[in-house]
Amino acid sequence: MSQNTAAEPGVQRPAITPLDIVRVLVLIAALASLALWGFGEWPMPWNIVVGIGAPVATLLIWALFLSPRPVLRLHPYLRALVEVLIYVGVTLAWWSMGQAWAGIAFAVVAVTSGVIAGRRALG
């Protein structure tokens, strides 16, 4: 079977930019950070509940409000507020693990990518 790599007529696929890749990496880092926080910082059996529940809840919020094709569309400013609340939660999780610099680094990268993406969406 030969693979035809030519574009199909009538189908437009969005171009993936480096910013999109950074935003996916930020989401993956947020989920991993919350799982690490849940499994590492909570006593047994709560570590299983929080270690699985926090990343799943974050992913659910992302899918509902922040994904490229969200289930519920929000005003851009409310969308930014939801995104910032997720970033604050991950940053506080790093701080509670005694890794303030990791939390600050995550916050800087996440907020910077969010601001750039938000500016592109509005403009």
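View 1. Thr91 is buried, because its relative accessible area is 12% (buried means under 20% relative accessible area, exposed over 50%, and partly exposed in between, with a 1.4 Å probe and protein chains only). Thr91 belongs to helix α3, where helices are DSSP runs of H or I with at least four residues, numbered from the N terminus. Residues up to four places away in sequence aside, Thr91 is in contact with Gly103, Phe106 and Ala107; contact means heavy atoms within 4.5 Å. The model is predicted: local features need pLDDT of at least 70, side-chain atom pairs count only at pLDDT 80 or more, and totals for chains, interfaces and linings use all residues. Residues are numbered from 1 along each chain as its sequence is written, and side-chain values use heavy atoms, with hydrogens and water left out.

**View 2. The largest nonpolar core.** This core contains 17 residues, and those with the most contacts inside it are Leu34, Trp37, Tyr87, Val90 and Phe106. Two or more residues each are given to this core by α1, α2 (46-66), α3 (76-96) and α4 (100-122). Helix α3 supplies the largest share, 6 residues. A nonpolar core is here a set of buried Ala, Val, Leu, Ile, Met, Phe, Trp, Tyr and Cys residues joined through side-chain atoms within 4.5 Å. Not counting residues up to four places away in sequence, Phe106 touches Val26, Ala29, Ala30, Tyr87, Val90 and Thr91.

**View 3. Helix α4.** Helix α4 has 23 residues and spans 32 Å from its first C-alpha to its last, close to the expected 33 Å; the expected span of a helix is 1.5 Å times one less than its number of residues. Its buried residues are Gly103, Phe106, Ala107, Ala110, Ser113, Gly114 and Ala117. These buried residues of α4 pack against α1 and α3.

View 4. Pro45 lies in the loop between α1 and α2. The peptide bond joining Met44 and Pro45 is cis, with omega about 5°. Helix α2 has 21 residues and reaches 28 Å from its first C-alpha to its last, close to the 30 Å expected. Asn47, Val50, Gly51, Ala54, Pro55, Thr58, Phe65 and Leu66 are the buried residues of α2, and they pack against α1 and α3. Ile52, also found in helix α2, counts as partly exposed because its relative accessibility is 48%. The C-alpha atoms of Ile52 and Leu36 are 9.6 Å apart in space, and the two residues are 16 apart in sequence.

**View 5. The salt bridge between Arg23 and Glu83.** The closest N and O atoms of Arg23 and Glu83 are 2.6 Å apart. The pair links distant parts of the chain, 60 residues apart, with Arg23 in helix α1 and Glu83 in helix α3. A salt bridge is a side-chain nitrogen of Lys or Arg within 4 Å of a carboxyl oxygen of Asp or Glu, and the count by this rule is 1. Arg23 is partly exposed, at 22% relative accessibility, whereas Glu83 is buried, at 10%.

**View 6. A nonpolar surface patch.** Ile16, Ile21, Val24, Leu25 and Ile28 make a nonpolar surface patch of about 510 Å². Patches are made of residues with over 30% relative accessible area and no salt bridge: like charges are joined within 9 Å, and nonpolar side chains (Val, Leu, Ile, Met, Phe, Trp, Tyr) within 5 Å. Accessible areas come from the Shrake-Rupley method with a 1.4 Å probe; for residues, only the protein chains shown count as cover. Ile16 lies in the segment before α1 (18-41) and counts as exposed, at 68% relative accessibility.
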